[in-house]
Amino acid sequence: MLARPRELTPDRSARHLFGAKMRGHRMRAGMSLEALNDVVNISRSHLSRIETADAMPPPDLPPRLDAAFGTDGIFQELYVLAAKEIHPDQFKRVMELQARAQVFGEYGGQLVPGILQTADYARAQFREADPWAPEDKIEELVTARLTRQSVLSSDTLLDYSAVLDEAMLRRGFGGPDVMRAQLARLAELTLTEKTMVQVVPFGVGGHGLAGGTLVLMTMENGARFAYEEGISTGTLMEDLESVMKRQRVYDLVRASALSPKDSAAFIRSVMEELPT
C-alpha cells in the first residue's frame, strides 16, 4: 500500500505555498515525482522535501517549473518571497534592504562576505560552524547564501564596495582548492562596472572595524542603513547618527586599504602561496 502524501500547509509561509503549488500543478499534470525529476533534473527526494517545505528550492528550479507547467512566472515570483524566509526576521529586513540598495559597502574581517562566496567556500564554512548538521541542512544554507548574490546583478545596485582584512584571505576553509577558487573570485571582482574590492594588509595594524563585520546601504530615496553582525546575532541601525558614525569608520579603513589593482595582485600572491 502506497504511503499517503503528507498534508500540506500553504497558509504557513511562502515556502509552504511554493511546495503546495508545486504538488498541485504536478498532480494536475498527472506527473509523479520521478517524472518531474526527469523534467527539472532534481532528485525525487529533494523534490518531495520541497513540496513539504522541508527544503528550500534551489534558485534554478522556479523557471524550470514555470516552463514545465506553463505557469507564466508564478514559481519565480513565489521563490522571491520564499527565499527571504530562510533567515531570522531582522535579517529578512536586511535582505530586503540589500535588494533595494543603490550603494552597498561591506567590511569583512574573518570570513568572506556571503555575497562574494563560492558555493564550496560557503559549504565549508557552514560545516565548520555546525559539524553535526545533516547534509541537507548544509545544502539548504548554501542555497540561501547563493540567493543573496543576485544583489550583484540587480538593476537597482549602482555600486558595491568591500573592504577585506588580510586575515580573511589566509584563514582557509575547505582546503587549498576551495580557497584557490574563492580567492580567484575575489581577484576578479576587485574592479568591475559595479564592484570594488580592497584588502587591508596586516601592515596597517589595528583599525576601527577589526572586531566584527559591517554592511552599509543607501537607498534610492537617500535613506541610509547600517548592519553589524556577530557570530549569531546582528543589529540593524536606521537612525542617521548611528549610520554615519559607522560610515566614517568604514571610510577611514577603506582609505588605508590597498588600491583595487594592488589588492588583486595581493590576493593572487596569497593564491600562489597555497599548497598544490
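Author: What follows is a set of questions about terms, each answered by setting a value against a definition.

Author: This is a predicted model, in which local features need pLDDT of at least 70 and side-chain atom pairs count only at pLDDT 80 or more, while totals for chains, interfaces and linings use all residues. Residues are numbered from 1 along each chain as its sequence is written, and side-chain values use heavy atoms, with hydrogens and water left out.

Reader: Why is Phe18 called buried?

Author: Buried means under 20% relative accessible area, exposed means over 50%, and partly exposed is in between (1.4 Å probe, protein chains only). Phe18 has a relative accessible area of 0%, so Phe18 is buried. Phe75 also counts as buried, because its relative accessibility is 0%.

Reader: What makes Phe18 and Phe75 an edge-to-face pair?

Author: Rings of Phe, Tyr and Trp (its six-membered ring) pair if their centres lie within 6.5 Å; planes under 30 degrees apart count as stacked, over 60 as edge-to-face and the rest as tilted. By this rule there are 4 aromatic pairs. For Phe18 and Phe75 the ring centres are 5.3 Å apart and the planes stand at 75°, so this pair is edge-to-face. Phe18 lies in helix H1 and Phe75 in helix H5 (residues 74-83), so the pair ties together parts that are 57 residues apart in sequence. Here helices (H or I, at least four residues) and strands (E, at least two) are DSSP runs, numbered from the N terminus. One aromatic cluster is formed by Phe18, Phe69 and Phe75.

Reader: Arg23 is in helix H1 too. How do you know that Arg23 is buried or exposed?

Author: Its relative accessibility is 11%, so Arg23 counts as buried. The side chains of Arg23 and Glu51 are joined by a polar contact of 3.2 Å. That term stands for a pair of N or O atoms within 3.5 Å; within protein, one must be able to donate a hydrogen and the other to accept it, and residues adjacent in sequence count only if both atoms are side-chain atoms. Leaving aside neighbours within four places in sequence, Arg23 is in contact (heavy atoms within 4.5 Å) with Pro5, Arg6, Leu8, Glu51 and Thr52.

Reader: Which residues of helix H2 are buried, and how do you know that they are on the same side?

Author: In H2 (residues 33-40) the buried residues include Leu33, Leu36 and Val40. They cover an arc of only 60° around the axis, so they are on the same side of H2. The arc is that of the directions from the helix axis to the C-beta atoms. Among the elements covering the buried residues of H2 are helix H1 (14-28), helix H3 (44-51) and helix H4 (61-69).

Reader: What makes Asn41 worth a look?

Author: Asn41 has a positive phi of about 60° although it is not a glycine. Most residues other than glycine have a negative phi. Asn41 is found in the loop between H2 and H3, and its relative accessibility of 64% means that Asn41 counts as exposed. Asp72, in the loop between H4 and H5, has a positive phi near 55° and is likewise not a glycine. With a relative accessible area of 74%, Asp72 is exposed.

Reader: What is meant by a nonpolar core?

Author: A nonpolar core is a set of buried Ala, Val, Leu, Ile, Met, Phe, Trp, Tyr and Cys residues joined through side-chain atoms within 4.5 Å. The largest has 39 residues, and those with the most contacts inside it are Leu116, Tyr160, Leu169, Leu183, Leu186 and Met217. Helix H10 (residues 176-188) gives the most to this core, with 5 residues. Another core, of 20 residues, lies apart from it and has Leu36, Leu78, Ala82 and Ala83 among its residues.

Reader: How do you know that strands E4 and E5 pair?

Author: Two strands pair if DSSP finds at least two bridges between them. Strand E4 (residues 213-218) and strand E5 (residues 224-229) run antiparallel and are joined by 6 bridges. In E5, Tyr227 is the bridge partner of Val215. E5 also pairs with strand E6 (residues 234-237) in the antiparallel sense, over 4 bridges.
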